Amino acid sequence: MKGSFLWRNRVVLTGGALIVLSLYLMTAGVRQGDRVSAPARGMLEVLRPVQAGTANFGAGLRSIYHDYLNLVQVRQENERLIAELARVKAEQARMAELEAENRHLTELLELRDVLGADAIAANVIGSDATGISHTLILGQGSAGGLRPGMAVLSNEGVVGRIIETSPHASRVLLIDDHNSALDGFDQRSRVRGIVAGMVDDGVIMKYVDRSQDIRTHDTIVTSGLDGIFPRGLLVGNVSGVHREGPGLFLAVQLAPAVSFRELEQVLVVRQQTPPLAADQRAEGQ
C-alpha cells in the first residue's frame, strides 16, 4: 500500500482535490442559502481585498505607463518647439539685417543720383587692426573698377579716399587720419581751409586766418577744389574755435558728420561729373 502510486502522491492529489472543491463551491452548483455556500462566501470575502488590490495595482501601472508615454511625447514636442523658435529668431534676425542693408544701399543710390556721378556701393569688411592709421577695408577692388584716389562717401557725408587696391579689396584712408587732407569751407561765411586729422585723434581745419569769421556749430562742406571730393558734401560741424596762443591761424576743431566705426556700406565715386555738365543738368531741372 505504502509503495503504491496513490500513497506516493497523496499530498499533491489531496491538495488538487481541495482546490477543485473550492473552485466548485465558489463558482457553480451552489444555491443561495445552502450550507455548502458558506465557505464560498467566506472565501470571497477573504479574497475581495486581494482582488481589489490587484485590480487597483494593475490600473495604477497602466496609468503610470500612459503618463510616461505622454511625458515622452510632451518632451519631444517641447524640443521641437524650442528648435522651431530658434529657427524663427534666426530668420527674423536675418530678415532685419537684409532690411537694414537694403535701406543703406537705397540711401547710397539716392546719393549717387543726386551727385550724378559714376559711383558704386561697396561693403565695409574691416578696419585697421593696429590702430596706427585710421583706415577701412572695402570688399571691392581693382576688379570692380576701383583705384587709389577715388572719393569714398556715405549718406552722412565724406568718409575718405582710397589709397590702395587689390583685385578684390581696397584700403580707405579716413578723413580723421593725420595723413588725410581735403579742401573745405564754412557754408555760412565761405571761409576756406584744409580739413585734416590729428595724430592724437580728432579733426581740425587748418590755415584759417585769425581775422576770418568762423564759429562753433558752423557747417563745413567740401569745396571740390582738391579734385577728389565733389563740391558741397558734408564734412562735419565746427566743435570749437580757439584764438589763444601765438600763430597766424585759428585752431578750429571739427566733429565729423560720419560715424566711421558704424559704417557698413559706402559709395565710391569712380568718376565725377564735369562741373559744366552738372550745371547744365541743374538748369534743365
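**Ground rules.** I am working with a predicted model, where local features need pLDDT of at least 70, side-chain atom pairs count only at pLDDT 80 or more, and totals for chains, interfaces and linings use all residues. Residues are numbered from 1 along each chain as its sequence is written, and side-chain values use heavy atoms, with hydrogens and water left out.

**Overall.** I noted four helices and twelve strands in the protein. Helices (H or I, at least four residues) and strands (E, at least two) are DSSP runs, numbered from the N terminus. Of the 285 residues, 27% are buried; buried means under 20% relative accessible area, exposed over 50%, and partly exposed in between (1.4 Å probe, protein chains only). I then looked up contacts (heavy atoms within 4.5 Å). Among those between residues at least 6 apart in sequence, 54% join residues at least 24 apart. The accessible surface is about 18400 Å², and carbon and sulfur atoms hold 57% of it. Such areas come from the Shrake-Rupley method with a 1.4 Å probe; for residues, only the protein chains shown count as cover.

**Around strand 5.** I took two strands as paired if DSSP finds at least two bridges between them. Strand 4 (residues 157-166) runs antiparallel to strand 5, with six bridges between them. Thr165 has Ser170 of strand 5 as its bridge partner. Strand 5 (residues 169-174) also pairs with strand 2 (residues 135-138), antiparallel and over four bridges. There I found Ile137 bridged to Arg171 of strand 5.

Ile204 stands opposite Gln253 of strand 11.

**Helix 3.** Is Tyr68 buried or exposed? Tyr68 counts as exposed because its relative accessibility is 52%. I placed Tyr68 in helix 3 (residues 37-115). Tyr68 forms a nonpolar surface patch with Tyr65, Leu69 and Val72, with about 390 Å² of accessible area together. Patches are made of residues with over 30% relative accessible area and no salt bridge; like charges are joined within 9 Å, nonpolar side chains (Val, Leu, Ile, Met, Phe, Trp, Tyr) within 5 Å. A salt bridge is a side-chain nitrogen of Lys or Arg within 4 Å of a carboxyl oxygen of Asp or Glu.
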